[in-house]
Amino acid sequence: MASEASALEELHSELTCPVCLELFREPVILECGHHFCRQCITQCWDAKPEENPTCPQCRKTCTLKLRPNSLLCNVVDSVRRARAMDTQPRTPTVSRERTLRLPVSGSSPDLVPEPDLCEEHEEKLKLFCEDDQVAICLVCGMSRDHKTHSVIPINEAFENYKEKLSAALQRVELQMEEASCSQTLTNEKMMDLKENAGTLEEQISWEFGQLRQFLDREEEEAKARVRREKEERLRLLDQTLTHTTQQISTLEITAQLLQEKLREEENPAQLRVRGGGVGGGGEPCTAEGNQEFHQQR
């Protein structure tokens, strides 16, 4: 029972209109081979009257001629009846050949033939025209309209249609399997990417940590070199300043002595000193000589 229900569900998905997503109602076939509800395809085309009619699935341009697919309609009706039987209590079955539809209230009391009968000849639909994709009766099969067409028994056509549906189901299952494999592969790649990214982040953090330590050491060493150079230059400048200060002090004493000598009156002793020291030809007058001369005075 579970397998039968599953088969019905699979068949239901294949008999669903791609526009309304419901079981086909008055299914028609376009020139491209796709099926739609008559009302759905008509509404699609009426919504864009300025454009050429196209198939909503393959987008191929089509003519406004809609060919009904009686075989597909019978299959849809069978699926509806099967689903109704699954949801309703069992009732005694009546032969399909004797099944008649009751007239609508207010209409003629005459009995109306069931949909499985030819509307023109009221014969049971036992043949299927592959050229027109329509179920026909034996009389229609011998008429000039279908005489040159490829006509097969309706049971065989139904089996062919089931084979097409099975092939379509297999393709869908294969695509689902491929999609599942692709999903698994994508998830694995995402996990690998996350792991690799985490490892890379740790590696980057470690390398930048090492780089920061190296830069810190270089900074301290550079600062130490600058401090050493500063201290050495300050020491040299301090020595130079001390020496210069001493020279200035000595020169100030010498200048003071010379000013005192300029203020003295004429004195022969002074000339002797000048001739030997300050005058020409002798050693230049130094601070020690000036002190000694001052003591002699």
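Predicted model: local features only at pLDDT ≥ 70, side-chain atom pairs only at ≥ 80, totals over all residues.
1. The backbone nitrogen of Leu72 lies 3.1 Å from a polar atom in the side chain of Asn69. The Asn69 side chain also makes a polar contact, at 2.7 Å, with the side chain of His35.

2. Where does Asn69 lie? Look in the loop between strand E3 (67-68) and H3. Is Asn69 buried or exposed? With a relative accessible area of 3%, Asn69 falls under the 20% cut-off, so Asn69 counts as buried. Leaving aside residues up to four places away in sequence, Asn69 touches Pro27, Val28, His35, Phe128 and Gln133.

3. Now for the largest nonpolar core, which has 34 residues. Leu15, Phe24, Leu30, Ile41 and Leu71 touch the most other members. Among the elements that give two or more residues to this core are strand E2 (35-37), helix H2 (38-47) and helix H5 (154-263). H3 gives the most, with five residues. As a general point, nonpolar side chains tend to be buried together in soluble globular proteins.

4. Asp132 is partly exposed, with a relative accessible area of 27%. Not counting residues up to four places away in sequence, Asp132 touches Arg67, His146 and His149. The C-alpha atoms of Asp132 and Ser150 are separated by 9.1 Å, and these residues are 18 residues apart along the chain.

Notes
Residues numbered from 1 in each chain as written. Heavy atoms only, no water. Core = buried A, V, L, I, M, F, W, Y, C linked by side-chain atoms within 4.5 Å. Buried < 20%, exposed > 50% of the residue type's maximum accessible area, 1.4 Å probe, protein only. Helix = DSSP H or I, 4+ residues; strand = E, 2+ residues; numbered from the N terminus. Contact = heavy atoms within 4.5 Å. Polar contact = N/O pair within 3.5 Å; in protein donor to acceptor, adjacent residues only side chain to side chain.
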